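Hi,

Here is the structure I promised to pass on. My notes follow below it, and I hope they are of use when you open it.

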Amino acid sequence: MLKDNSTVCFLGDSITADGRWIFELYEFFKEQNKKIYLYNCGIPGGKVSSTLERLEEDCFNHNPDTVVCMFGLNDINYHLYGEKYYFSEEERNTAIREFEESLVKLVEIMNKKNITVILLTPPPYGQWNKSDAENLVHANQGVAILLEIY
């Protein structure tokens, strides 16, 4: 799918910003002797809506022919799935609606620029992680809705 000298930008949240999975792709292309330019444009706390505001300076300045997007937990406002806010259905629905509208707009912008868009579904919320923070076990309900939208 990607030809030599392709430029790929990765948009997303902290999972993208961390870059581990992007580095794995870099290593793969290197082993294949493919010259692919990869730019990590992920931002911790990133959402599709906030990414729309920074496309020009963070992504389009690299002149990508492909953009990989992976958003999720920040878009659903995962804190709304904790026990304290679990019954805040209206706020959860508003966040999901904003995600869907922003994602559609993002794809439309990419299409107008003839940029191939690859949408990656977010991983599930790590409800088995050990942490002092509240375990937001219900966040995967929101992630499941995002998967349907994707």
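Helices (H or I, at least four residues) and strands (E, at least two) are DSSP runs, numbered from the N terminus. This is a predicted model, in which local features need pLDDT of at least 70, side-chain atom pairs count only at pLDDT 80 or more, and totals for chains, interfaces and linings use all residues. Residues are numbered from 1 along each chain as its sequence is written, and side-chain values use heavy atoms, with hydrogens and water left out.

Let me start with Glu101, which lies in helix α5. Glu101 is exposed, at 53% relative accessible area (exposed is over 50%, buried under 20%, partly exposed in between, with a 1.4 Å probe and protein chains only). Its C-alpha is 9.2 Å from that of Val48, 53 residues away along the chain.

Now to the interior. A nonpolar core here is a set of buried Ala, Val, Leu, Ile, Met, Phe, Trp, Tyr and Cys residues joined through side-chain atoms within 4.5 Å. The largest one has 22 residues, and Leu11, Leu55, Cys59, Val67, Phe71, Leu106 and Met110 have the most contacts inside it. At least two residues of this core come from each of β1 (6-12), α3 (48-52), β3 (66-70), α5 (89-112) and α6 (139-149). Helix α5 gives the largest share, five residues. Apart from this core lies another, of seven residues, including Phe10, Ile22, Ile36 and Val68.

Finally, Asn33, which follows α2, has a positive phi, near 55°.

Best wishes
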